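Hi,

Here is the structure I promised to pass on.

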Amino acid sequence: MTRFRNKTTDNLNPYATRPESTTVEALPMDTKVYESPYADPDELRTATVDRKQLVLEDGELGSGNFGTVLKGIYKMRKSEKQVAVKILKNDDNNPAVREEMLREASVMQQLDNPYIVRMIGICEAENLMLVMELADLGPLNKFLQKNRHILVRNITELVHQVSMGMKYLEEHNFVHRDLAARNVLLVTQHYAKISDFGLSKALTEEENYYKAKGHGKWPVKWYAPECMNYFKFSCKSDVWSFGVLMWEAYSLGLKPYKGMKGAEVIQMIESGERMAAPANCPPEVYNLMKMCWTYKPDERPGFSIVERRLRDYYYDISQ
């Protein structure tokens, strides 16, 4: 069940192992704000959604090559939930787009973590629809651009949650390949979830990386050197992307490498140069970013180390 329970029993609680005195105030992570609004697995463990149970609302949440994302209501046996519905364009006869959407659904249905947007099911009706959890406050980068007075503690809290979601993916041998602040959605100001698994790959036990056949339409500014040079993607290349995501978060939603073209970014990285720290970024955080941007993937930390660093830092500034 995707929910937080008692501090001493819940292994999802990232602070459970930390020694603490009796006077320590409960951190936000330990409170019910983190209980998933979709915490009834009996209702949601379904691969398909009946169109009669789905009410679509006016107004787009977003759009892309595939079509649009609308807000909707999913009428379940016990309750109703607000959902996000990704809808394939009616006039899109391109089987590749449909295949891509079904593959994304297949990846998402294998994942169950509080910090990853949950896939509820597929609805085959007037269009192909993917029904997902709704994260009402939208993408992290846009939220930060509009809320510039947010505290460093709050940013650290959200970034740490992303690291927990990524640690889960690493443990389950999934590579995200499109980790960026635009693909982190907020349920509340204190609750972030990773989304957009269109480029994700499940790795085999034999291989710890995925090799692309060639260069695609890639988010170059978020990609590690080995992705660009050798088309190799791994959990370690996701760590590089996470460093860029952290930079976006602490810069309050600025674009990384602003004004630079992809080729210039690659040249800068190859020369050993890295982005400067965002204004008012804590030195501990910038040091972690630079660790994420270690050139050789084997020398880069994994998410188990990154998550612990962020957890300890968040704990320290929360006292």
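Predicted model: local features only at pLDDT ≥ 70, side-chain atom pairs only at ≥ 80, totals over all residues.

**The chain overall**

The chain has 319 residues, and 50% of them count as buried. If you take the contacts with a separation of 6 or more, 66% of them are between residues 24 or more positions apart. As for the surface, the chain exposes about 15500 Å², with carbon and sulfur atoms supplying 50% of that area.

**H6 against H8**

Next, have a look at helix H6 (residues 235-250) and helix H8 (residues 283-292): their axes come within 8 Å and cross at roughly 150°. Angles over 145 degrees count as roughly antiparallel, so that is how H6 runs relative to H8. The crossing of H6 past H8 is left-handed. On the H6 side, the residues involved are Val239, Trp240, Phe242, Gly243, Met246, Trp247 and Tyr250, and they meet Val285, Leu288, Met289 and Cys292 in H8. Sorted by class, this contact has ten nonpolar residues, one polar and no charged ones.

**H8 against H9**

H8 has another partner to look at. Its axis and that of helix H9 (residues 303-317) come within 11 Å, crossing at roughly 175°. That angle makes H8 roughly antiparallel to H9. From H8, the contact takes in Glu284, Val285, Leu288, Met291 and Cys292, while H9 brings Val306, Arg309, Leu310 and Tyr313. The class count here is seven nonpolar, no polar and two charged residues.

**Val49, out in a loop**

Is Val49 buried or exposed? The residue sits in the loop between helix H1 (41-44) and strand S1 (54-63). Its relative accessible area is 6%, and buried means under 20%, so Val49 is buried.

Which residues does Val49 touch, leaving aside its neighbours within four places in sequence? Val49 is in contact with Tyr74, Ile120, Gly121, Ile122, Cys123 and Val131. Take Ile120 from that list: it is 71 residues from Val49 along the chain, yet the C-alpha atoms of the two are separated by 7.8 Å.

Cheers

Notes. Residues numbered from 1 in each chain as written. Heavy atoms only, no water. Axes fitted to C-alpha atoms, helices over the stretch in contact; angles between N-to-C directions. Helix = DSSP H or I, 4+ residues; strand = E, 2+ residues; numbered from the N terminus. Parallel < 35°, antiparallel > 145°, perpendicular 65-115°, else oblique. Left-handed = near helix turned anticlockwise from the far one by under 90°. Contact = heavy atoms within 4.5 Å. Nonpolar A, V, L, I, M, F, W, Y, C, P; charged D, E, K, R; others polar. Buried < 20%, exposed > 50% of the residue type's maximum accessible area, 1.4 Å probe, protein only. Areas by Shrake-Rupley, 256 points an atom, 1.4 Å probe, with all protein chains shown as cover.
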